[in-house]
There are 6 protein chains.
Amino acid sequence: MTAPIDPGTIPPHALRRVIDTALEEDAPWGDVTSETLIPADATATATLAAREPGVLSGGGVFVDVVHTVDPSIEVVLHVPDGASFTAGTLLATVTGNARSVLRAERVALNLVQRMSGIATATASYVAAVAGTRARIVDTRKTTPGLRAIERYAVRCGGGHNHRTSLSDAVLAKDNHLALLLAGGTAIGDAIGAARKRLGHTVHLEVEVDRLDQIEPVVAAGVDTIMLDNFTPDMLVEGIALVAGRALVEASGGVSLDTVAAIAATGVDVISVGALTHSARALDLGLDIDVAV
Amino acid sequence: MTAPIDPGTIPPHALRRVIDTALEEDAPWGDVTSETLIPADATATATLAAREPGVLSGGGVFVDVVHTVDPSIEVVLHVPDGASFTAGTLLATVTGNARSVLRAERVALNLVQRMSGIATATASYVAAVAGTRARIVDTRKTTPGLRAIERYAVRCGGGHNHRTSLSDAVLAKDNHLALLLAGGTAIGDAIGAARKRLGHTVHLEVEVDRLDQIEPVVAAGVDTIMLDNFTPDMLVEGIALVAGRALVEASGGVSLDTVAAIAATGVDVISVGALTHSARALDLGLDIDVAV
Amino acid sequence: MTAPIDPGTIPPHALRRVIDTALEEDAPWGDVTSETLIPADATATATLAAREPGVLSGGGVFVDVVHTVDPSIEVVLHVPDGASFTAGTLLATVTGNARSVLRAERVALNLVQRMSGIATATASYVAAVAGTRARIVDTRKTTPGLRAIERYAVRCGGGHNHRTSLSDAVLAKDNHLALLLAGGTAIGDAIGAARKRLGHTVHLEVEVDRLDQIEPVVAAGVDTIMLDNFTPDMLVEGIALVAGRALVEASGGVSLDTVAAIAATGVDVISVGALTHSARALDLGLDIDVAV
Amino acid sequence: MTAPIDPGTIPPHALRRVIDTALEEDAPWGDVTSETLIPADATATATLAAREPGVLSGGGVFVDVVHTVDPSIEVVLHVPDGASFTAGTLLATVTGNARSVLRAERVALNLVQRMSGIATATASYVAAVAGTRARIVDTRKTTPGLRAIERYAVRCGGGHNHRTSLSDAVLAKDNHLALLLAGGTAIGDAIGAARKRLGHTVHLEVEVDRLDQIEPVVAAGVDTIMLDNFTPDMLVEGIALVAGRALVEASGGVSLDTVAAIAATGVDVISVGALTHSARALDLGLDIDVAV
Amino acid sequence: MTAPIDPGTIPPHALRRVIDTALEEDAPWGDVTSETLIPADATATATLAAREPGVLSGGGVFVDVVHTVDPSIEVVLHVPDGASFTAGTLLATVTGNARSVLRAERVALNLVQRMSGIATATASYVAAVAGTRARIVDTRKTTPGLRAIERYAVRCGGGHNHRTSLSDAVLAKDNHLALLLAGGTAIGDAIGAARKRLGHTVHLEVEVDRLDQIEPVVAAGVDTIMLDNFTPDMLVEGIALVAGRALVEASGGVSLDTVAAIAATGVDVISVGALTHSARALDLGLDIDVAV
Amino acid sequence: MTAPIDPGTIPPHALRRVIDTALEEDAPWGDVTSETLIPADATATATLAAREPGVLSGGGVFVDVVHTVDPSIEVVLHVPDGASFTAGTLLATVTGNARSVLRAERVALNLVQRMSGIATATASYVAAVAGTRARIVDTRKTTPGLRAIERYAVRCGGGHNHRTSLSDAVLAKDNHLALLLAGGTAIGDAIGAARKRLGHTVHLEVEVDRLDQIEPVVAAGVDTIMLDNFTPDMLVEGIALVAGRALVEASGGVSLDTVAAIAATGVDVISVGALTHSARALDLGLDIDVAV
C-alpha cells in the first residue's frame, strides 16, 4: 500500500496559487496570437498523448488549469494519476473553445510534464528497492512555490513524503550539532531538553556522519536517526548499533546505481533529493485537431 | 555582447513573490529545529561553495532570500552572475544570526542551484554554437511561477530570451494554421489581416513544418519564420528560400549533440526547451561554521 | 479591419483585480442605505441608457461587475462594444435583487462611463484620419491600475495599441539619447549593440526631435522612428528621409484640431496621450424601475 | 480653514496598492529600453516642471513612487500640495540612478498629473463660490481603485469630501424611494425605522426631486436633504421649506457656468461629479538631465 | 426594531478573507488523518447541535465555510441568525463527502461558536436594558481581522454598532483633548474648526470625564457626548446638563451587574467592550453520523 | 524548561498578515479624529500599563504594530514576554508622533490584551498541575487567522502546543473511527495501514471514549492515545492499560476546577480548548501623555 495519490490531497489553496500565477505569467496582456488569428467562436479538440513511457501525475492539475481558463471546456482523463503508460498512450481529450484551449496549453503541459517527470523518476527508485523494507522519500529540495504538487508527484510514483517543512518535524543536521558543540552543550542533553520543549506530536530526527555518533544520539531518544553518506557496509554496522531503538534513514549519494545496495542493508527510509531538484520533464504533447 | 545579466533586470515584484512564497512554504509555523536547539543569539559563518563546475546565476537572488529572512546578515558574493567556476570555488560568505542562516539556507540554495543549473546548461549550448551567427534562446517551457528568474538564468549562460509570454509577440504554430485552414482562410490573407489588427510593435513569427510552407508565409511579411523539426539539410534549403526576408529560427529536437550542426546551417535563432524544462540543479553547498 | 474588440481580450486577472478592488473600495462595510431601507428580497429592473451619443466600451465589464455582486442577476446587453449610439439609446437591462443592483450600480457605471468616454474620444480621432494610412494609437499615459481596460477601450473606438509597457518594446526617447551621448556612445553604435542584446522579437523604436537625427537612427536599423513635435511640413520632410526603411510615428501636440493634417503627411502611426489621460466620462445612466 | 491636505492622510495601504499595481503593470518583465541602452551605474538629475498653471496634488505620492522603485534616489519637493503654481514652475528635483528614474517616470507622472488635474478643477469651483456658505464636495464617481487619492486631491483643491462609500452614511436616492413606495411604505415611516436600525453615528441623507417631497423627508428627521436638479429659484424655495432643520445639498447639472448661482441660493453643500469623473490630467513634465 | 441581521450584510470580501485564511491555516498541507483513514468517496451526515442555550449568529458563515471546502455538500439550517435556542436544539444538518465535512468542521465551528458567543452575550445586555431608551453598542475592541463578523454578531444579539473604524466618525477621547490643551487650543475652538474641515456626513462625538467638561463640548455643537466612567447619579446630572442638545453615550465599567442602572438614567447609548473582547465561545457541537 | 517563548518564533508572514489586516480594518480611510484635531507634528509619550495582574504575551507584537504605523516611534519594553506582573506594572513606553501613536493604539492593544489573556489563563492551568508529569497543551479551537500568535501566547503562559493543524499529525477521533467501522475496517488494520501510507515523521494519535477501546488502539502502535471525557478514576485505569506503550492525553471537560485531579492521575498531556476559545482579554491600558 502506497501513500495517498488522490488528487484531492493537493491542498487547494496551494494549487490555486500555482495555477493563477502561471496563467498570469504566461499572458499578462492576453494571447495576441489567438486573438488576431483564431475566431472567437472557433472550437477544437485536442489530445494529450505520451511521447515516451512513464508514470502519470497531474491529470487533475491539467484539468484544473484548463477549467481555470474556461469552465466550459470538456476534459476527459483516460489514465489515472499513479498509472504507468507506454509511449503513444492517449492520456486525455480536451474539447471546446479553440482560443481557450490554446491559452491553457502551455501552462497545463508545463505542470503535468514536470509532475509526471517526478513521478516517473520516483517509480524507478521504488522499483529498484522492491522487496526490501526501505521506502523512498523526498526532501525539501523542491521547486520554490511547487512543493505541494511535487510532494504529490512523489506519491504518484510510489514514494513517500518526508516532513513537509521546517515546521513539522525536527531534523538536526551536522550544522546544528556543530553549533550545539560550540555552545558547550552535550548532544544528549540538547536532545533531552528539546523533547521537553517540543510539542508531543513533533517527530525528532538527528543526522550523524560517523558510527561513533550513533549511540549518544539514539540513547537520547530520537525517533529517527539519519545516517548521512554511509557506505552500505557502514549502514549495516549502523543499523546494528541502533538496534531497533529508532527508525534509520539513509541519505546522501543516492542514485539509481546505488539505491538497491543501500536498501539491501535494511534501512527503513532512503531520501533522494534528485527526485525533485533534478527531475526531467516527461515528454507529453497536446495535439490540437480542428473541430468538425 | 550578450543579453543583460545585471541582477537588477529580474523584475522585483516577480522575485519578491517567489521568495515570499518559498519562505512561507518552507516554514509555515517556524523552524522547530533551530528554535529548540539553537540559542536565539548564536551566530555563524557559512560558505557557499561549488561542488561541481558551472556558471553562476542567482547570486543576487541568494542575497535577497537571506536578507528577507534577516536584513542584518552580512553576505559577500565572491563570483558575479554569468561567471564560470570550477568545483570547489568559494561563491559566497554569509555571517550573522545562526537561526536566520539556517532558516534561509534551503530556499536560497534551491533557487541558486536551479538558476545555476540553467545557466550552466545554456552555456554549454552557447559554447557549442560559437563562431556561428546563431543565438541560443529559451522557450515558454519554464517552471510555473519562475519564468522571470529562469529567463534571467538563460541570459547568465550567454543565451537570449524568446518572447516573454503569449502577450508580447505572435507565434503562430501548426495548430493555429490548421484552425485557419479549417476556417477556409488562406495563410497569406490571415497574416496580412493580423498585421492590420496588431499593434505596430508586435513581432510576428510563424512556424512551418515543411519547405513548401515557407514561401507563402514569408511573402505575407512575417518578421521571423520558425522551421520546426527540420534536418540541417532542410534548414539550409529553407534559409535559401527565405532569402533574407525574415529571421530564421530552428526549433525541435535540439540537443547538445545536434546543436552545432543546426547552427552551422546559418540559422539566426535556435530555441531549446530543455534549457528550462529539464535542467538539473547544480550541486552547490552551504557549510555553516560555528562563529568564533 | 480594426484591432480586436472582443471583451474576452481583456486579461481576466487584470479585470478581476479592478472589479474586486472597486467593489471593496465602494463598500468596505456594506451598503447601509439599502440594508436599512430596502427589503432583502425586493427585486428591481434597471435600464442602462445613453444620455449623450457615443461609442460603447465596457458592456462586458458592466456585466462582470453585476455578476460579481450577485450571479443571479440577469443582464441583457442591447448594444455591442465598439458600436456607436445616439442619446437615449437603451444599452442594457438588468433584472434581479434590488439590493444587489444598487450595490453594483456605481462601480459598474464608473467603469463603463470611463471606458465609453475613451472609446468615443478615440473614434473621433479615427474618423478624423479616415482615408489616410495613419492609425491612431494610445500611450502609456493610462490610469494606474486600469491599463488593460483602457487599452481595450481604445480598440473599441477603432484605435490601435502601442506597446503595453516598458517590457515589450524598446522606445528610446530624448532622455535615453542624452544619457547615451553623455556616456560618449554614438547613437548608431548604441542601437546596434542593443539589437545584439535584445531578444529577436523585441521591436526597436527611437524618438527624434530634429530632422538631422533621422538618418543615423534609421541607418542603425530601427523598426519605427518617432518624430516628436514635428510640424506637418517637417513630417513630410522626415518621411522622405526615412524612405520606407522604418515605420514613422508622429507624436506630441496631437489634438482633434491637428490630427487630420498630421495624418495627411503620410505617417504610419499617430500616438495620442489624451485618449486615456484626459478622457471625459460619457454620460450614461442607470434608472431603476420597481419590480412588478 | 479647509479640509486636511497633509499627504499623510492618504491611507497608506490604499496608496501602496495603487503604486505597486501601477509599477508592475508598467513593467511586468522589466524596462528593456533602459536595460539595453543605459549603463547600470549611470546617474541623472530630473526636474518636474509645470507646463501650465494649476494646483499641486500628489507631491508626496510622486516621492513614494520614486522611492518604491529605488529608495536611494533623492527627491526634493519645491511646492507643497495644495499650492497654486504658474506655468514653468519647478515642482521637484530628482537625483539618482538613471535607470531607476526612467523606470519610475511614467507611473509617477500619471499619478501626479491626474491628482493635480483634480485639484485644479476643484480649486476653480471653490473660487467660483467664494463668499458664500457653500462647500464644494466630491461624489462616488471616482476612478475605480483610486478613490482614496482622488478624495485627497479634492481636498488639495480646497474642496471637501462627501461620504467615502456606501458604508459610512445613508444616502437614499430616487431609486430607493421608488422601491419603498412600491413596497407600500410611507417615506416618513421608512426613515424613522432606519434611524432605529442604524448606528447612532451614521449620517442620514435623502435626495428629493420635487419641492413637495421636502416636508415629509425633513419632518422625518434627516441630517441632510439633497435637492437634485433644482434650479436656483427652486433651491431658494426649498431652503425656505427646510427652514434650518437639515443641511441642504444641491446636486445635478453643476458646472463652472452654474455653480456660482447655485451657491448664491444659500445651500450648504454642492456636489460635483465632474471633479473626479472627467478631470483632465494637468500637463507636468519630467525632464531628465545627464548627470555631471 | 433592531439593526439588520441579514447575513448578507456581512461584507463578502471580508468574510472571504476570514474563511480562506482560516481554512489554509488549519490545513496548509491537507488533512493527513482523513486522507489516510477515510475513503475518498465516503459520505456522512453531521448535525450541528447546541450544548447550551444561546442566540445564534453565523449560520450563514457556517454554510459558507462548508461550501468553500466543497460546494457539493448539502447544508440545511434549522434556526435563523438572531434566534434564541435551548440546549439540545438541532441547529443545522450537513450531508456529503465525509472528508470534506471533517475538513470544514473545526473552522466552521470556531466561527459560529465565537459569533454565537458574542450574540448571546449581547442579548443578555439588551435584555437587561429592556424598557429603557438605551441601545447597547459595540466598540473597536474586536478581534483583529474579524471586526465585520463580530459587528454582525452584535446585531444578531439585538445590539447596535458604534462607528466601524477610525475613518467614519470622530470620537475625541481624553488623549485628544489633552493634546489639544497642550497645544493651547480651547476645546470649543477645536471642535468648531473640526466641523469646518470634516465632511458634512461625519458624526462628531467627544468623550468627557467630568461634569464641568460637558457644557463647552455640547455648546461647540457635537452630535454625541460620551460620559466616561460616570456613576448613575452623575449620568443623571450630565443628561440634564446636555439638555437634549446631543445624544448621550455612557461608557466604561459597564457589566451585566451595572448596565440596568446605567440604562435607567436615560442615556441613549451604552457601549460595552466586553461584547467582543471577552466573549466566551458558545458550546456547539458537530456530531458526524455514518452515511447509510 | 518550557517551550520557546522568543517572539521570533511567531512566523513573520503570519504576523505581518494579522497586523496589516487589522490596521487596514481599523482605518480604511484614515483616522478622521486625529487628522482634524491633532497637529501633524505633535508628539506624545504613552505608557502601557497593567490594570490587573497577569502574564505578558505580545510585547514584540505590540512593537511591530507601532512600527508598522510609523517606524520612527520609539518603543521600550519593560517586561519580557512570559513574565508575570502585578496590577499597575509599567509594561512599555512609547514616544513619537502623536497621530501615529493614536493610530496604532487600538490595534496594538487588541492584540496584546488578547495574547496576555491567553498567557494568563494558560499560566493558571500550568500552576494547577505543577509537580505532576502533565503538560498543558492547546487545541485547534483558536481564533480564525490568529492561530500562530495564540499558540505563541500559550507558550508564554508555560503551556505547550498540540499539533499545528490537520496537516502535521494524525488525530483520529470518534467520527473517524465510526466511519471506519461503518466501512467494515477493524481499527487495528486501519491504523496499521495508515502507518504504511503516512510519512515516517507523522505522529499518530487516536482518541477513545471507553476503556475497552484502549487495547486494540495501543496494540496497533499509536504514538499517543487520547482518553476523552474520562473521569480521574477511569484515567488511572486507562493509564494502567496503556502501560507505557504510548503517551496518554486527557481531554474533555477540563477546567481550573478539575485539572489538578486529572493531572494527578499521571497523564502526560492535558489539552484545554478554553485556553484559546474563551480567553478573556487582559485589562491593559495605554495612557498618552502630552509631549514636553
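**Exercise 1. Charges on chain A**

Find how many positive and negative side chains chain A has, and how far apart the centres of the two sets lie.

*Solution.* Start with the counting rule: Lys and Arg count as positive, Asp and Glu as negative, while His and the chain ends are not counted. Next, place each charge at NZ of Lys, CZ of Arg, CG of Asp or CD of Glu. Chain A then has 22 positive and 34 negative side chains, and the centres of the two sets lie 6 Å apart.

Some ground rules before you go on. You are working with a predicted model, where local features need pLDDT of at least 70, side-chain atom pairs count only at pLDDT 80 or more, and totals for chains, interfaces and linings use all residues. Residues are numbered from 1 along each chain as its sequence is written, chains are lettered from A and ligands numbered from 1 in the order in which they are written, and side-chain values use heavy atoms, with hydrogens and water left out.

**Exercise 2. An outline of chain A**

Describe the elements, the box and the surface of chain A.

*Solution.* First, the elements: helices (H or I, at least four residues) and strands (E, at least two) are DSSP runs, numbered from the N terminus. Chain A has 11 helices and 12 strands. Second, the box: along the principal axes, the C-alpha atoms of chain A fill roughly 75 × 35 × 25 Å. Third, the surface: by the Shrake-Rupley method with a 1.4 Å probe, chain A has an accessible surface of about 9700 Å², and 55% of that belongs to carbon and sulfur atoms. Finally, burial: of the 292 residues in chain A, 63% are buried (under 20% relative accessible area; exposed is over 50%, partly exposed in between, with a 1.4 Å probe and protein chains only).

**Exercise 3. How the copies are related**

Work out which rotation relates chain A to chain B, and which relates chain C to chain A.

*Solution.* Copies are superposed by least squares on the C-alpha atoms of residues with pLDDT of at least 70 in both. For chain C on chain A, the rotation is 120 degrees with 0.0 Å of shift along its axis, and the RMSD is 0.0 Å. That is the relation of a three-fold axis.

**Exercise 4. The two sides of helix H7(B)**

Sort the residues of helix H7 of chain B into buried and exposed, then find what covers the buried ones.

*Solution.* Helix H7 spans residues 187-197 of chain B, and its buried residues include Ile187(B), Ala190(B), Ile191(B), Ala194(B) and Arg197(B). They cover an arc of only 120 degrees around the axis, so they are on the same side of H7(B); the arc is that of the directions from the helix axis to the C-beta atoms. Asp189(B) and Lys196(B), on the other side, are exposed. The cover of the buried residues includes helix H2 (32-37) of chain A, as well as helix H6 (174-182), E8 and H8 of chain B.

**Exercise 5. A loop residue**

Locate Asp209(B) and list what it touches.

*Solution.* Asp209(B) lies in the loop between strand E8 (203-208) and helix H8 (214-219) of chain B. With a relative accessible area of 32%, Asp209(B) is partly exposed. Leaving out residues up to four places away in sequence, Asp209(B) touches Asp174(B), Asp228(B) and Phe230(B) (contact means heavy atoms within 4.5 Å).
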